[in-house]
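Subject: Structure for you to look at

Hello,

Here is the structure I said I would pass on. Please open it first; my notes follow below.

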Amino acid sequence: MTNVKVAFQFLDDDENLLVGYSKLGLHLIFDVKMDLTRKARLVAEGHRTPNPVDSTYAGVVTRESVRIALTYAALLGIDVWGADIQNAYLSAPTSKKFWVECGLEFGSELLSKRAIVKHALYVTKSAGRNFCNHLRDCMRHIGFEPCRADPDMWLRLSKLDNGVEYYEYALLYLDDCLMVSQHPQSGLAQIGKYFTLKEGSVGTPNLFLDARISKVGLPNGVNAWAWSASKYVQELVKNLETELTKRGLKLKKGVNAPLSNDYRPEVDLSPECNDEDAKLYLSLIGALRWIVELG
């Protein structure tokens with residue numbers, strides 16, 4: 001709650017609300033991340049708010065742009081650093097007018113007080129777009145411009161230490177940033193003036209878009225960047241085995257294909273999936289599609 005309180009302007013008991021503000025519901029959600037870190041987050045009940053007329057989606061850099069940027073870094077012999085923006089949405093001003101009534105989650109001293117929502121809250125329908133617009137404004141302020149081919153791949157003309165001109169690139173995927181530059185720490189430090197970067201996330205990246213990134217030396221002496229879905233696949237298999245164990249099942253060994261050669265779906269008489277099985281199946285299909293995209 002300490003981090004999320006910055007999103008609110010708390011009103012005095014005798015202070016009137018401004019005209020045009022609508023009440024917004026809140027609730028807490030709890031989660032366990034893949035590294036077993038436990039997390040609680042205060043989110044808005046965005047499903048109870050009207051649908052915005054304009055687009056609500058935040059743009060993300062494409063996998064192709066990441067591959068091109070890593071190749072570009074290898075060709076010029078420049079470095080690649082990554083960073084995560086902490087509490088990303090909460091750093092952006094909101095474009096909607098909402099107020100909330102504080103519950104016990106705010107503490108006894110704020111119980112039943114009213115507050116105006118000043119920053120984008122998670123699960124409000126415009127939060128993604130608000131953060132995206134705020135991040136783009138900040139990128140322009142430090143001299144970056146969006147690439148015409150991919151608006152979430154930003155570039156800025158700079159000079160190498162030897163005086164040769166080149167372009168620095170910043171690749172943005174929501175709150176994940178990848179900086180391609182001879183001095184990437186400098187570019188990330190500029191972004192850090194507008195956003196709080198997660199402690200320990202600034203430096204040579206290990207993961208980006210759930211893909212493992214590593215620097216490798218080629219036989220010809222050139223240092224290149226490798227891009228692999230191995231980490232994502234390992235976590236996927238681990239989580240699937242856990243889920244199958246709960247169902248009294250396990251993965252088969254030595255399987256070379258998802259279906260046997262003699263499988264005929266038109267004569268399959270097995271029962272249809274229930275809601276839980278269908279949910280698992282769709283999540284696996286989504287994960288497999290992501291593996292294919294990562295390559």
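A term first: contact here means heavy atoms within 4.5 Å. By that cut-off, Leu121 touches Val4, Ala7, Phe8, Leu24, Leu26, Ala44, Leu90 and Ala127, leaving aside residues up to four places away in sequence. Please keep in mind that this is a predicted model.

Cores

Leu121 also belongs to the largest nonpolar core, which has 40 residues. Leu121 is listed there among the residues with the most contacts inside the core, together with Phe8, Leu26, Phe131, Met139 and Ile191. Two or more residues each come from strands E4 (38-44), E6, E7, E10 (165-173) and E11 (176-181), and from helices H2 (127-141) and H3 (184-191). Helix H2 gives the most, with five residues. As background, nonpolar side chains tend to be buried together in soluble globular proteins.

Val100 stands opposite Ala115 of E7.

Another open sheet has three strands in the order E12-E13-E14, and its pairing is antiparallel. Here the edge strands are E12 (207-208) and E14 (223-228), each pairing on one side only. Strand E13 (residues 211-217) pairs with E14 in the antiparallel sense over six bridges. Ser214 has Ala226 in E14 as its bridge partner.

Asp150

Which side chain of opposite charge is nearest to Asp150, and how far away is it? It is Arg136, at 7.4 Å. A salt bridge needs a side-chain nitrogen of Lys or Arg within 4 Å of a carboxyl oxygen of Asp or Glu, and Asp150, although buried, has none. Asp150 is found in the loop between strand E8 (145-146) and strand E9 (153-159). The side chain of Asp150 does reach the backbone nitrogen of Thr62, at 3.2 Å. Thr62 is also among the residues that Asp150 touches, along with Val60, Val61 and Ser65, again not counting residues up to four places away in sequence.

Regards

Conventions:
Residues numbered from 1 in each chain as written. Predicted model: local features only at pLDDT ≥ 70, side-chain atom pairs only at ≥ 80, totals over all residues. Heavy atoms only, no water. Helix = DSSP H or I, 4+ residues; strand = E, 2+ residues; numbered from the N terminus. Buried < 20%, exposed > 50% of the residue type's maximum accessible area, 1.4 Å probe, protein only. Lys, Arg positive; Asp, Glu negative; His and termini not counted. Polar contact = N/O pair within 3.5 Å; in protein donor to acceptor, adjacent residues only side chain to side chain. Pairing = 2+ DSSP bridges. Core = buried A, V, L, I, M, F, W, Y, C linked by side-chain atoms within 4.5 Å.
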